[in-house]
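Subject: A structure for you to look at

Hi there,

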Amino acid sequence: MRRFSAFLLCLGALGTSQAATPGFDDLIALKGKALYKAADDISYDRRKDFSAAELTTITERLAADKNQLTKEDDHRYAFGCFFTAACDCATGRELPRLITVYGGLEPASYEKRSLLGPLAGAWILHELEARTDWPVIELPRGASAPPAELAGAAPDLVAAWQLYKRSTETVEHAFEHGPEEKGISFQTNERAFDALVDKVLRKQGEHLAQELDRFLWSGWCGFGSDSLLQPQSLAFFMALLNENRIAEAVGAASHLQSDKPIVTRDGTVDARIAFLKKCGLDWEAILAGAQLESELSGRVFRDDSHCLEELATFGSERSATFLLEMARRSKPDMRSSYALALTAFVPGSTGNMDVGSSADLERQSAAPISDETK
């Protein structure tokens with residue numbers, strides 16, 4: 001149950017009253033429990049009436065008054081709702097303020113862990129927009145021999161898997177671990193991990209990617225490991241961007257894990273796709289190869305890697321072809337996900353992705369799809 005995001009939590013806490021939405025001045029005039037109750041009564045759709053600056057100010061006020069609520073108070077979820085809403089539309093002016101609010105959250109708490117996704121998404125999208133000097137990445141030229149499971153697969157699919165492997169070679173080589181190297185147990189060092197993530201967000205310190213990579217999930221049971229894997233993958237990618245290690249960041253981008261794809265508020269720009277494009281790389285083939293590799297290796301993060309969702313939402317007819325080929329080769333437990341992804345390419349159909357999100361899938365690409373493929 002720990003996979004519920006703050007967004008999902010707030011949906012359960014919000015009422016459906018149609019009363020007039022309190023204005024910005026009305027809200028910030030309140031304090032403590034009265035502020036939280038009023039904020040909690042504002043629905044998701046009506047929070048869009050506030051500007052990015054107003055949402056951030058309300059979030060700061062809620063953060064300052066959090067200690068006036070008990071942990072059992074249902075209204076306390078209003079903070080996560082407004083924090084997420086502020087992150088969704090934050091600009092370079094609001095982002096530092098939200099990072100400060102996040103830094104003040106209780107280390108090792110579920111709240112801090114669950115709210116990193118929206119903030120990291122805002123951080124990454126801002127970084128992609130702010131930078132103008134993106135190098136074209138030359139991937140290592142040696143192509144890995146395809147595994148036996150790909151025998152007889154379409155040449156384009158094999159090539160996509162090989163491109164994905166080439167895209168990850170640099171980061172895997174840079175972060176190889178020798179047998180003598182010891183990792184850091186995440187379970188017994190959660191506060192240290194959170195402090196490291198805070199440094200990444202603030203762009204403070206050096207060699208943060210190496211420090212993050214040392215943390216591992218210890219113990220024989222993997223239940224709950226997403227509490228490490230998701231924030232680690234996001235912060236690792238961010239640290240590489242900040243350190244200008246773009247070639248390594250390409251490989252890290254393939255392994256990004258989050259509750260939902262990192263997209264702009266209007267859903268038209270996907271951060272991972274935009275990054276790979278800026279690097280001059282074939283994003284459709286890389287994501288198709290990443291999804292294929294996860295299935296071949298048995299490491300299918302169906303609910304937090306989002307490759308199928310991104311290919312279906314932003315891909316061309318080539319993505320549809322990749323998905324068709326992978327669907328034919330997929331195991332039974334993945335076929336419904338492929339079928340639902342493919343409906344996005346057929347006008348008039350409604351896809352509902354079975355990848356950890358209940359949101360309807362809407363095509364953003366205007367690329368035409370041939371009748372034959374349909």
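**The chain overall**

Please keep in mind that this is a predicted model. The chain has 374 residues, and 48% of them count as buried. Its secondary structure comes to 18 helices and 4 strands. If you take the contacts between residues at least 6 apart in sequence, 72% of them join residues at least 24 apart.

The buried ones are Ala271, Arg272, Ile273, Ala274, Phe275 and Leu276. What lies over them? The cover includes helix 8 (116-130), helix 12, helix 13 (246-253), helix 15 (283-296) and helix 16 (307-314).

Both ends of helix 14 are worth a look. Just past the helix, Gly280 has a positive phi of about 75 degrees.

**Helix 12**

Helix 12, one of the elements covering helix 14, runs over residues 226-242. Here 15 of the 17 residues are buried, so helix 12 is also largely enclosed by the rest of the structure. Its length agrees with expectation: at 1.5 Å a residue it should span 24 Å, and its end C-alpha atoms are 24 Å apart. Just after helix 12 comes Asn244, with a positive phi of about 60 degrees.

**A loop residue**

Between helix 13 and helix 14 there is a loop that holds Lys260. Is Lys260 buried or partly exposed? Its relative accessibility is 43%, so Lys260 counts as partly exposed. From C-alpha to C-alpha, Lys260 is 8.5 Å from Gly117, although 143 residues separate the two in sequence.

**Helix 9 against helix 17**

Lastly, have a look at helix 9 (residues 155-174) and helix 17 (residues 317-329), whose axes are 10 Å apart at an angle of about 95 degrees. Angles of 65 to 115 degrees count as roughly perpendicular, and these two helices are therefore roughly perpendicular to each other. On the helix 9 side, Asp156, Leu157 and Ala160 meet Phe322, Glu325, Met326 and Arg329 of helix 17. By class, this contact has 4 nonpolar and 3 charged residues, and no polar ones.

Enjoy exploring!

Best wishes

Note on methods. Residues are numbered from 1 along each chain as its sequence is written. This is a predicted model: local features need pLDDT of at least 70, side-chain atom pairs count only at pLDDT 80 or more; totals for chains, interfaces and linings use all residues. Side-chain values use heavy atoms; hydrogens and water are left out. Axes are lines fitted to C-alpha atoms, for helices over the stretch in contact, and angles run from 0 to 180 degrees between N-to-C directions. Angles under 35 degrees count as roughly parallel, over 145 as roughly antiparallel, 65 to 115 as roughly perpendicular and the rest as oblique. Contact means heavy atoms within 4.5 Å. Ala, Val, Leu, Ile, Met, Phe, Trp, Tyr, Cys and Pro count as nonpolar, Asp, Glu, Lys and Arg as charged, and the others, Gly among them, as polar. The expected span of a helix is 1.5 Å times one less than its number of residues. Buried means under 20% relative accessible area, exposed over 50%, partly exposed in between (1.4 Å probe, protein chains only).
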